[in-house]
Every structure is written in structure tokens, then in C-alpha cells.
Amino acid sequence: MLKLAWRNVTQRKIRFALTMLPIVLGVMFVVAVFTLTDSLRATFSGLADDISSGIDLTVRATQEFGSDLDRPTVPDSLVPAIEAVDGVREVHPGVAAFNVVIVDGAGAAIVPQGPPALGFNYSDAAFFLVEGRQPGGPGEFAADVDTVSDNDLAIGSVYAINGPETVESFELVGTFNFGSPDEHSSLGQTMAAFDLDTAQRFLGFGDEVIDVGVVVEPDASPATVKSDLEALLDDSYEVITQQAAADEQRADFDDVLSIFGTILSVFAFIALFVSAFIINNVFQITISQRVRELGLWRSIGATPGQLVQSVLVESAAVGAVATVVGAVAGVGLSRVLMVVLRAGGFGLPEGPLSVRPRTLVLAAVVGVGVSVAASLSPALRTRRVAPIAALHPDYLLDRTGMRRRLVGGTATLAVGAVLVALALFNLFGTVVTLVLAGVGALLSFVGINIVSPAFAAVAARVLGRPVAALMRVPGRLARDNAARNPRRTASTAGALMIGLALVALAAVVGASVTRTFVKTLENSVEADYFVSSSAGGFNPNAGFPVQVVDDLAALDEIDSVAGFRFAFGAIQVNGSVKDVFAGDMSILDEHFDTDLRSGAMASGDPATAIALHVDPAEDLGVSVGDTLEVTFPDNETDTLTVAAVFGDARIYGNWVIDTSTWDRHFNRSDFAFASATIAGFSDDLDAASQQRLLDESRIAIDGVLEAYPTVQAENRVEFRQSQQAQLDSLLIVINVFLALSLIIAFAGIAITLALSVFERTREIGLLRAVGMTRRQLRRSVRWEAAIVATFGAVLGVAVGVVAGVAATVAMPDSFVTDIAVPVGSLAVYVVISALLGLLAAAFPARRAGRMKILEAIAHE
Amino acid sequence: MTSSPVQTLTAAARAVAATKIYGSGDTEVRALDAIEVTFEQGRFTAIMGPSGSGKSTLMHCMAGLDTVTSGQVIIGDTDLTTLSEKQLTLLRRDHVGFVFQAYNLVPTLTAIENITLPMDLAGTTGDKAWIDDVVGATGLTDRVKHRPNELSGGQQQRVAVARALAGQPQIIFADEPTGNVDSNTAAEILGFMRNAVAEMGQTIVMVTHDPVAASYADRVVFLVDGKIVDELHEPTPASIRDHMTRLGA
């Protein structure tokens, strides 16, 4: 039987190559994803060691919960005491802040795309001077070598720098490497460094620092010094070793990489799943075509089990060869991606590719596993081949009955849908949710694929009707051929269905989010201008100086300006951690209508006020006037009075505190966002007056923002457009990630059609003999592909819309409340699929056109 | 090109020094060796000969399915050797009818769709009354909406003949049209073809190795080693057998 399998492989090279293609692509992607993330992890791990290598011990405040960004600070008065401890050689107090943006000589803000713009105090433990000197006074700064060279900054020149609170000018006095003396590892961030006093003042730390690094004497033991320091300090402080600091840094990098790796892996596995459909289809077809040969084997004594075996061995061989090719291609692809990432300004240090055995084992398991699993059902069908098949030219393998198909498929689909529903309602942990959603989606797709042959023929006829009407015979043949073998059409379309279902799902969720946003803007937003940092709205670190709000508020044309900040997991109420939003509560109600159920944001003393959404209010059983104990990341607990209970969580989320409360407990002072209202503006004014107010305020605002190149103010229309554009680009990214699955699906259409054309050789010969031109024949093959593609696309869009609506319903109300189905773009997806189907059929169409008539007619 | 006035019958198709060579050097096979033959309009001609005599090759070359190495093949007024691949296809579509041994019909099309296939490919409607006559002559009027797999072998072949007739071509070529059916069915198909010639004035050229089938023709042409060695008019099965025995076939 091995021999039979081997012959099938070697004698049908083109078919073998075609079958391999989808798996090669899938394995390539998996290997590239894992190799890339492993390589980046190795690189970052080295970097984490480098960054922390200059410091033996770090003293910092303890933190019960919350982000490291919001860790309580250390008063710098503690520094001399630390320095006085026996064995301490150097102390390095440190401060750092996000959104410290240098403005280049031409007045343009240097905003990295993605990575943050950071400000520090200069520390010779982590920074290594390259040119010039260390910053040594109130008007001086140094910057990393990449930022200086990429933006043509010159030592001795004065530059404006946007800090968290103000914009000030500093003279560039030096450049430095970060991480190691010889190589700068910027990771794409920009770094500005000041002396400690200047950094504390400009970055908004006052007399505080984030932590104090300690270098011990060469003859002292870090462990001894650590316990001496711990003895000196009370338990609101902790001392961590260099190793622990490096591990924390590594864990931070790992968090980012894991998200990145997980997302990419999900797309890689989707691609493999799509490949499985194609492999399954190819084996189904080739086994139908080989029935006579299999009958011959049976008649000369092969057992049914041996036939099954031979098919499985063949598919394992396909998987094995595809794994090898895919793994090699995947390592190549990850090398290319590393080069792209380095060239793309991410400032990655050089490092070798890390191809781990785990990656190769995984590639082999998925490559061979997917291939064998996908060929299992066709392999088992060979058991039904009777020896008589050898003698009977038109012997057909009996097929699974439609009734069994409908029952089995519907049951599979139902189980899948229930699993997805369980995942959507988020009753379990993240891992369980992901597994449920993944397995559920997989079962749903398989179920649909089992059921879809039941209506594939009818669907192909309906979809093919315009084709048949437009293109007469070639169109009619295209339609009839598409409807001819429902199982084949359904599985070919099934591969495309998966990709398009995901595209449509994303489109529906995206459109729903947009509609929710637009409705919120129209119904609940009173503000006329929206101020944000040009570093991007989805980046929680994108902020701008506090002074912007003060400057705008001082304008006559502007009535009031509210600056906002928010933090994830930053307050603790009744033992559970919540996200929090902070703004000027005295004016919030003038800017946003959040469906107040009771009270008002501005009632009472803002400094001790809190507002919350009606759901947590009901859960906690509190109403306006009641008090809540709220704990902050600085480990302080405030007693706050409920000023308002509101019903719409789309703008603030569930918890709102006043700016003054934030300032008491958080280091970060820059605003993430601000809104402004125009003085005298009202909906009752006539259009001309409204326009005049808009124009005047625009001129005034632009005048203020000239000094702040990172800050932009958008009116309602502009704001809506820019939010829409951000969402659109996110959808594009998702579609790009799905492109691989779609490519595999279209390759599947080409492969299936090539096999169908081969199967219909004699018929093609006949058509050509009675006068069908090559062009007509090619057209017929191409439109058959277009009909199959359209079927897959329509099915996919239908599944995607159902899934999208379900997902939207299951999402929290603070995120999306309105459901929208973007009919226009979904229709465009279907049309594009049909066109790509036409394109995919180019190869089989050419083959069909090139067949020699006489040989085709004589074909067995 | 006009037909010679001395001919009483107009030539539907002619071969002039038609030669077909496969391979080259030692492996060269001369399938057709300077063949001169004329198929007159309104006549039913059978081509016979032993295996490898070149009878199928002659038919394929005459029909524009294959090309000759040298010489000329003329259908009506058209020299096939001057035509491009595309022109050949259109000539087959518009001026030639075909009946093959088996698998004559496109399985996805109904009988009537198969019959009108060449006209549909050309984008013309054809002569409706004529098509009705042809369908009537097949005796399958009530089954024309059926697909090929719902018809018997003989019915399928009659549909194939009807397709060849429907476009009123210059000439119809039939390659062993009864090779795959029993003798009763064969008689039914051959009678249908005979009538098409006698009553509808069609021109048919048929390749066969069956003396009984050939006896339906007006004339039998015998081929051996790529050459025409003999011919017979108003044949009977017995006279054909007689000739074949003499030719050593």
C-alpha cells in the first residue's frame, strides 16, 4: 500500500503540488509567526538585561494594584538616607513621563508612529553619552542618537519640547545611546533627557521621583545592602534586585509580544483551517476520479482497510513535504519581516533568528495533522469502492444522503453556535473563552459545510442566472457546471466562506461601533470641539500638555474647556478594580449628556465627588448623596460622595472622578483628550450665525495651537471623520491579516476547477469539436469560478452578518449599543470575490483552452 | 473556386494530395499518403479500412479537427489549410456536423439544448421550422427536455445526429456512430441518417468497420495504409465483405 501511495504522489506531480500549496502557505505563516516572536523575545530579553545592568538594587513604593504607570512616587528627601546606607556607592533617582515631544527645527513635532515619546532625567547608569555633554541646567536637554540623526537636530540649537504640563524651550547639549554603550536600542521611541531638577519640574513630579536606583560598592554584597535598605524604609517601600528588575522588564516586553503573537497565530490557524477544506476537496475529487483504479486494487485482493491506509499515507506525504517547504519558507519570511521591522524605524538591536525546535515540531504536527485530518473523510469513502468498479466505466461512489447530511450538519452547527454563544457571554476566563469561541466557530463552519451541498445546486443556478442570460452558452455551461456537483461546489465555496465570514463579522462590528459613535455624538455630545494628540487616539499614552486647556479656556470665543484623563484598572471600589475617567466635574454636564438618572455632576464639592453608571450603582445599592470608599494606586483611600448616577456609559465608562481627585493620587498630569464649547453657540441660531461662530472660534483655536504642534482640535464633523478613518484603518489591518486565508481560498477555487476541467476533458473536446471557440471555453470556466466564488462570498457574508450581530449584542453597552449592517461594503466584498474568482480561474481556463481536441475526445 | 461544370454532383468536400505524417526519421508514420477524394453533396459515403489504415485520420483532417502535413482539404469553397485555429473552429461550428462513437452530448444540457448547441455558440437562432422537422424525425419530440443520462444509448445517438443536422451544415462527419450500440439500435440510427440524406438532402461521411453499417451508404471508399485502394457504389453487406476479404483486411 505504501507503494500505491508513493506512485500516486510521484506520478501526479502537478496535482501533488497543487494539493500542497494551501498547507505550505499555512505552515509558512505559522512558522514565521513563531520564529518572529521568538526572535523578538530573545532580542528583548537581552535588551531587558542591558537596560537594568547598571543598577544593582531599585528602591520604589509598593503598589497594591493598578498599572506601573500609576505607581506611587518616592519623595526625593529619602535619597540622602539611602545614599548613607553602608555599601551604597551611587544612587540614581529616576523620573520618566510619556508624551514628551520634541519639536524639530522646522516646527514639526517628532511623533513616533506607535512607540511612545519619552522624557527622563539623565542617568549615567542607563544612558551612554555619544556626543556633547550631559544636560546640566534648567535650559538643557540631551536626546537619543536616532532621534537626533533622523530629524537633523543639532547640538547647540534650541528646541521646543511639549511636556505633560507646558511647552518649554531647551538647548540640545548632547546625544546618547540607551541600553548599552555601543549600540542604541530605541525600539522606535524618542527620548529626551534633562538633569534631575529640571526633569522633576518639567515632567510634573515636584519633589518626588519614581524610584531610586542603587549601585553597591564592589566589595559589598547586594543582598546585605538590600536588607539594610529594607530595615531603613517602612513597608510602603520595597527594594528589588537587578534580576527582578530585568524580569519585570522582560515580562512587560512579553506582554506586548504575546498579544502580537496570539493575534498572528489566530490568523495563521484560520489559514490552516481554510487549507483543510481545500485538501479535503482535492482528495474527494481525486478519489472519485480514481474509483476504477481503486476497484482494480480491490479485485486483485486489496482490503478496504488497505485502500483507506493508502489514501492516508498519501495525505501524510503531502503534509510532510508541505511542512518542509512551508517551514523553510516561513523562516525566510520571518527573516524578511525582521529586516522590514528594523528598517521601519523600530530600532531593534541586531540578533539572530530564533528557530526553536518547538516551532518545527508544531509545524510538522499542524502540517501533517491538517493534511491527514482533512483527508480522513475521503479516505473512509474508499471503503465503499466495490471490486466491480474496475469493470464498470460509469461506476459512481454512493454519496452521503441529503437527509443524513442535513441532520448531521445542523447538529454540528448547533453545537458550534452554542459554544460561540457561551464564549460571547463571557462567563469564563479569557483562555476558556478563546477556546470556546475557536472550537465553536470551527464546528459552525464544518456544520455549514456539511449542510451547504443541500442548497448549493439551487444557489448556483440562481446566482448563475444573470451569467447564463448575459453570456448564452458559455454562461449557461458555467452555471450548470457550478450546479453539477453540489458537494464540490459547496466545499470549494466553503473555504472562501470562512474568510469572508470573518471579514463581514469585522465589518458589521465596525459599522455598529461607528453608528453607536455617531449617535452618541449627535444625541449626547454638547461640545463643539475635540482636542487630542496627533500621536493617535487609540494609544492610551497619547496625551498633551495641561496648559493647552488653560490657553483655550482663556479665549473669548470659547465658553469652557474640559480636559480628560483615564486609567485602566486604577481604582478599587468594594474590593474590585475598575477603570476610571477624570474630568472637571463642574462643567462636564455642559459638554456631554450622559442620560443623568439622578443628581448632577456639578452638585456638591467636586474634590470629594464621584459619579457612576446606574448598573454599578444598583449593584452596590448606592444613590446620590451616599458615600463610597475608593482606593487609588498610591494606596490612599478617599471617601467620595455620589454626585450623580447616569445611564449612558458610552462616553465616560462607569466611573467618573474630578480632575482634582486625580491630581491627588496620580503622577500623570497630561490630558488624553479635551472638549470645548463655543461661546454663544446654540442650535437655535440661524445657520449663518452658527457658521460665523465656527469660523471665528476656529481661527482663535488655531492661533493657540500653533505653539503646540502635537495637538489638534477637530470640530464635530472633523472629529467624526477622523474617528471613522481610525476604525477603517483597523478594519483594513484585519482584512490584510485575513488576506492569506482568502488567497488560499482562491487557490482552492483554481485547484478544484483544474481538477474539474481535467475530469471533463472529453466533454471539452466535444464542445470544441462542435464549434466552441477557445475564448468561449475559457470564459465558461472563468464564470463557473465566479459563480462558485459568489456562492462562497454570499454564504460567508450571511454567516458573518449573523455572527456580527450576535457579537454586537453581546458586547458591553459602553462600547456599542446600535447595530448596523454595512450593506454597501458587504456587497462590494461579494463583487470583489466574484472578480477574484474570475481571476483565480485563469490557470484552469488556460489549461482547458489548450486541450488538443482529438486527444480530449479520445480521453478515457 | 467554383465546381467543375462536368461534374454532375457538386463536391461538398475534397482532399487534394492530402498527406499526414506523424513523427519523423525512423519513427515516421505516413497516415495519409497523397489522398485524392471527393465527397459529393447529397450523398452518404462510408469510409472503411483495417485498423491503422488512416480512415479516422482522414475524417479528422477533412473535418478540420486535425491538419494535414501537405496537400489541401476543401469544404465547399474553403481551403482548410489556409485557416487559423479560430477560423477552423468557426468553420466546424457553422459548416460541419459531427457524430462521435460515444459521449456525443454535453451532460449538463438537455437534449434540445444539445441539438441547438452549435447555433447557440454562434449566437444565432437557426431555422426554427427545420429544427422542428429534425427533432420530429428523431421521434424524440416529447423527450427533448430530458438530459442525456435520462435517454437510452440509441436515443442519445439520435440526438447527436439531430445536432449535426440542425445547423444545415455543408457536410456531416460520423465516426463509428453505431460502434457502441446493439444491432437494433444501430439500424435505427443508420436509418435515421439514411433518411437525412435521402429526404433532407444532407451530405454524410461515416467512418465504420461494420459492413452492415456501411451498406446504408451510397458509396463505400476503402483505405489501406493511407491510400484509397478501392470504392464501391450501392453496396450491400455481402459485396462489402467480399471487397474487404480481397483487400486482406
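At what angle do helix α7 (residues 242–289) of chain A and helix α10 (residues 357–381) of chain A pack, and how far apart are their axes? They pack at about 35°, with the axes 8 Å apart. This is a predicted model: local features need pLDDT of at least 70, side-chain atom pairs count only at pLDDT 80 or more, and totals for chains, interfaces and linings use all residues. Residues are numbered from 1 along each chain as its sequence is written, and chains are lettered from A and ligands numbered from 1 in the order in which they are written.

**The α7(A)–α10(A) pair**

- The crossing of α7(A) and α10(A) is right-handed (the near helix is turned clockwise from the far one by less than a right angle).
- From α7(A), the contact residues include L272(A), A276(A), I279(A) and F283(A).
- From α10(A), they include V366(A), V370(A), A374(A) and P378(A).
- Contact means C-beta atoms, placed from the backbone, within 7 Å.
- Axes are lines fitted to C-alpha atoms over the stretch in contact, and angles run from 0 to 180 degrees between N-to-C directions.

**Other helices of chain A**

- Helices are DSSP runs of H or I with at least four residues, and strands are runs of E with at least two.
- Helix α2 (residues 13–52) of chain A has 40 residues and spans 56 Å from first to last C-alpha, close to the expected 58 Å.
- The expected span is 1.5 Å times one less than the number of residues.
- α2(A) has a kink of about 35° at L21(A), shortly before the proline P22(A). The bend is the angle between axes fitted to the seven residues ending there and the seven starting there.
- Of the 40 residues of α2(A), 29 are buried, so the rest of the structure largely encloses this helix.
- Buried means 20 or more other C-beta atoms within 10 Å of the residue's own; exposed means 12 or fewer, and partly exposed lies in between.
- Helix α11 (residues 402–424) of chain A has 23 residues and reaches 32 Å, close to the expected 33 Å.
- Among the buried residues of α11(A) are G409(A), L413(A), G416(A) and V420(A).

**Strand β3 of chain B**

- In strand β3 (residues 44–48) of chain B, 5 of the 5 residues are buried, so it is largely enclosed.
- One side carries F44(B), A46(B) and M48(B); the other carries T45(B) and I47(B).
- β3(B) runs parallel to strand β8 (residues 204–207) of chain B, joined by 4 bridges. Pairing requires at least two DSSP bridges.
- F44(B) stands opposite I204(B) of β8(B).
- β3(B) also pairs in the parallel sense with strand β9 (residues 219–224) of chain B, over 4 bridges.
- A46(B) has V220(B) as its bridge partner in β9(B).

Definitions and conventions
Two residues are in contact if their C-beta atoms, placed from the backbone, lie within 7 Å.
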